[in-house]
Amino acid sequence: MRTLEYWLTTEPPEWAPPGTPSDRDCASAGLFDTPILIIEDESMIAWMIEDLLTDAGFTTIAVVASGAQALEQVRAQAPGLILSDINLGAGEDGIATVRSIREKSIVPAIFVSGYADDGMRERIHSEIGAVTVLRKPVDRTALIAAVMRSLGN
């Protein structure tokens, strides 16, 4: 019930992370229309993340399963935020894919992965810079808070 209660009110509930904007703040800033690109090869996880974002009010979400598909999607619509897994199976991993995308346009990125050890974090920092890394299974509140921070709120 907390999830519905949060999104049906105009102010963040007491349990919301500090700095969580109200729905009114987000709507007025046009944040819900920000194109979000999810790069995730596990369809169940991709659907879960997409559902969390949709439930939060985001309306423009593209989901792809590989680095190659992500690059095609970016050509079709430039994302305002990237949510990427690190291990994408065959082909480029999420770090290389985000690096390739960011060579053309600086886009905020969040990594959501079960492989977020210290070595992986160091690689992300050296190749991408400072970004948020969330561990799977991702928590709804942490995900939405990270998205809002990455979008500048």
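Buried means under 20% relative accessible area, exposed means over 50%, and partly exposed lies in between (1.4 Å probe, protein chains only). By that rule, 44% of the chain's 153 residues count as buried. This is a predicted model, in which local features need pLDDT of at least 70, side-chain atom pairs count only at pLDDT 80 or more, and totals for chains, interfaces and linings use all residues. Residues are numbered from 1 along each chain as its sequence is written, and side-chain values use heavy atoms, with hydrogens and water left out.

View 1. Helices (H or I, at least four residues) and strands (E, at least two) are DSSP runs, numbered from the N terminus. Along the sequence, the pattern reads α-α-β-α-β-α-β-α-β-α-β-α. Contact means heavy atoms within 4.5 Å. Take the contacts between residues at least 6 apart in sequence: 64% of them join residues at least 24 apart.

**View 2. An open sheet is formed by 5 strands.** Their order is β2-β1-β3-β4-β5, and the pairing is parallel. Two strands pair if DSSP finds at least two bridges between them. Why is one side of β2 and of β5 left without a neighbour in the sheet? β2 (61-64) and β5 (132-135) stand at the edges, so each has a single partner strand. From one strand to the next, the twist averages 20 degrees.

View 3. Ile110 has Thr132 in β5 as its bridge partner. Helix α7 (residues 140-150) lies across β3 (81-84), β4 and β5. It runs at about 170 degrees to β5. Axes are lines fitted to C-alpha atoms, for helices over the stretch in contact, and angles run from 0 to 180 degrees between N-to-C directions.

**View 4. The largest nonpolar core has 22 residues.** A nonpolar core is a set of buried Ala, Val, Leu, Ile, Met, Phe, Trp, Tyr and Cys residues joined through side-chain atoms within 4.5 Å. Ile49, Leu53, Phe58, Leu83, Ile110, Leu143 and Val147 have the most contacts inside this core. Two or more residues come from each of β1, α3 (43-56), β3, β4 and α7. Which element gives the largest share? That is α7, with 5 residues. Leu53 touches Ile36, Ile38, Phe58, Ile61, Leu83, Ile144 and Val147, not counting residues up to four places away in sequence. A second, separate core has 18 residues, including Ile86, Ile101, Phe111 and Val133.

**View 5. Helices α5 and α6 cross at roughly 10 degrees.** Their axes come within 10 Å; α5 spans residues 94-104 and α6 spans residues 118-127. The two helices are therefore roughly parallel. Ile95, Ala96 and Arg99 in α5 meet Met120, Arg123, Ile124 and Glu127 in α6.

**View 6. Pro35 sits in the loop between α2 (23-29) and β1 (36-39).** Pro35 and Pro79 are 44 residues apart along the chain, yet their C-alpha atoms are separated by 4.9 Å. Leaving out residues up to four places away in sequence, Pro35 touches Thr60, Gln77, Ala78, Pro79, Gly80 and Leu81.

**View 7. The peptide bond from Lys136 to Pro137 is cis.** Its omega is near -5 degrees. Most peptide bonds are trans. Pro137 lies in the loop between β5 and α7.

Conventions: Angles under 35 degrees count as roughly parallel, over 145 as roughly antiparallel, 65 to 115 as roughly perpendicular and the rest as oblique.
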